[in-house]
Number of protein chains: 2
Amino acid sequence: MTGQQRTRVDTVFDAIFQLILSGEIPLGGVVNEAALADRFGVSRGPVREAVKALQGRGLVTKEPYFKARVVDLSVHDMIEIFQLRESVEGMSVKLATLAMSDEAMQRLLDDFEQAGGNGRVLDLHVRIAEESGNSRIQSLLCDELYYLLRLYRARSGSTPGRHDNASAEHWQILRAMKARDAELAESLMRAHIARATEALQRLLDTESAQPPPEAAKGRRRKETEA
Amino acid sequence: MTGQQRTRVDTVFDAIFQLILSGEIPLGGVVNEAALADRFGVSRGPVREAVKALQGRGLVTKEPYFKARVVDLSVHDMIEIFQLRESVEGMSVKLATLAMSDEAMQRLLDDFEQAGGNGRVLDLHVRIAEESGNSRIQSLLCDELYYLLRLYRARSGSTPGRHDNASAEHWQILRAMKARDAELAESLMRAHIARATEALQRLLDTESAQPPPEAAKGRRRKETEA
DNA sequence: GCGGGCAATACTGTTGACACTTTTTGGTCC
DNA sequence: GGACCAAAAAGTGTCAACAGTATTGCCCGC
């Protein structure tokens with residue numbers, strides 16, 4: 001029985017992540033080891049390791065003897081993440097365009113046509129990362145950055161007015177991939193993400209012009225403006 | 001006393017990393033919690049968390065109930081890392097070129113001129129990442145990828161015949177940065193790393209043509225060729 | 001002699017208790 | 001009334017012991 005053995009650390013990890021996504025533990029909120037251990041019916045050990053893993057993925061910040069806190073994702077953080085995504089996803093689509101077999105390419109197009117672009121926005125990006133053939137890029141995008149994106153979107157919703165454009169841009173990228181034009185696909189992907197970054201930049205400008213009207217309930221924001 | 005409090009986990013983390021770098025724990029070798037705990041005079045708890053942190057940084061692989069092993073960095077892994085570096089460091093130098101103050105730029109040039117390009121090769125890359133102003137890119141490069149690079153180089157030495165070219169390429173990049181030509185700096189950096197990637201690719205080709213002469217002592221390579 | 005099954009071993013996963021640090025609370029002095 | 005100090009409370013860091021799983025070595029049947 002050497003199959004997919006799930007230890008309690010993994011279970012607790014997912015459980016805490018769900019708690020964060022659902023907002024039960026708000027962004028910037030404290031993560032109490034003992035309370036969580038009691039809630040999940042395990043000892044503090046697994047909870048400790050799960051929190052450590054969350055810290056390793058950048059979802060939780062913590063220093064010795066201080067309370068662990070869920071990361072407080074500001075718009076500025078998102079801009080940093082999008083700058084990173086722009087470069088990495090450009091490489092991702094470039095590699096995928098060069099590496100995919102004709103069959104895999106056709107499958108990707110079919111899947112996306114079937115979904116009609118109505119699938120979840122990240123699906124295409126995930127699929128491309130998986131097809132890049134570079135496991136490290138795939139891990140960075142799918143296991144680290146997209147977690148943070150989901151977290152941010154769960155809080156603030158997607159940037160409005162972007163969704164319709166995004167679908168058209170996705171089709172452009174797919175066409176370039178099918179034509180095996182790796183350079184074009186990279187440029188289109190980078191422009192696609194850069195455009196989203198600019199939207200965030202505008203949001204940051206308006207936000208700093210007029211202070212946020214109301215902090216979400218349960219938030220602690222004191223050190224954000226420092 | 002709210003200073004830089006170092007917990008035992010941090011100490012053990014560094015100690016194990018040094019053990020790996022020095023080769024005392026060979027690449028692919030097992031990491032025994034109890035033995036390390038006994039050696040460092042601590043309990044298994046801190047060792048466990050340190051190993052978990054090393055796992056989070058990709059230096060150790062592990063699955064439940066199996067022994068933890070130091071990652072076995074193949075040339076193929078290095079190629080993946082260099083592809084990732086090519087995209088991220090391109091963005092890094094682009095952002096740094098746009099963000100650095102004139103003073104910081106001059107300081108960077110002075111430091112590098114003083115070192116005469118004889119400094120450790122990674123220093124320039126580290127400095128650029130620090131000046132990019134993007135903390136996530138800095139963390140990815142300095143806290144994750146460069147660890148793996150040091151590990152790989154400690155085992156196999158730098159790719160021969162590259163060192164002299166690299167210095168000239170570094171100066172080209174610095175000139176582009178000083179001229180505030182962000183696009184050129186990005187292109188040069190990407191070409192710089194792509195060239196190193198090609199050297200690795202050639203190494204991979206010759207290595208697969210003639211099987212490696214001798215596995216390093218203490219290595220376990222059984223599952224690598226699968 | 002050799003392969004399959006079974007007991008002994010070694011190691012990892014988990015737990016509850018104890019030690020140390022931070023935070024809060026209450027009281028005192030100015 | 002407010003600032004400062006001390007003690008209690010809360011929470012994290014560490015430990016040693018126990019439980020569960022993979023590995024190793026051995027014996028038996030062929």
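Student: What makes Ser43(A) a polar contact of DNA strand C?

Tutor: A backbone N or O atom of Ser43(A) lies 2.8 Å from a phosphate oxygen of DNA strand C. A polar contact is a pair of N or O atoms within 3.5 Å; within protein, one must be able to donate a hydrogen and the other to accept it, and residues adjacent in sequence count only if both atoms are side-chain atoms. So 2.8 Å falls within the 3.5 Å cut-off. Before we go on: this is a predicted model, where local features need pLDDT of at least 70, side-chain atom pairs count only at pLDDT 80 or more, and totals for chains, interfaces and linings use all residues. Residues are numbered from 1 along each chain as its sequence is written, chains are lettered from A and ligands numbered from 1 in the order in which they are written, and side-chain values use heavy atoms, leaving out hydrogens and water.

Student: Which atoms of Val31(B) and Asn32(B) face a phosphate oxygen of DNA strand C?

Tutor: For Val31(B), a polar backbone atom, at 3.4 Å. For Asn32(B), an N or O atom in the side chain, at 3.3 Å.

Student: Why is Glu49(A) called buried?

Tutor: Its relative accessible area is 9%, and buried means under 20%, exposed over 50%, partly exposed in between (1.4 Å probe, protein chains only). So Glu49(A) is buried. Glu49(A) touches Val9(A), Arg48(B) and Lys52(B), not counting residues up to four places away in sequence; contact here is heavy atoms within 4.5 Å.

Student: And what makes Cys142(A) buried?

Tutor: Cys142(A) has 19% relative accessibility, so it counts as buried. Cys142(B) is also buried, at 19%.

Student: How do you know that the two copies are related as by a two-fold rotation axis?

Tutor: A rotation of 180 degrees with 0.0 Å of shift along its axis superposes chain A on chain B, RMSD 0.1 Å. The copies are thus related as by a two-fold axis.

Conventions
Least-squares fit on C-alpha atoms with pLDDT ≥ 70 in both.
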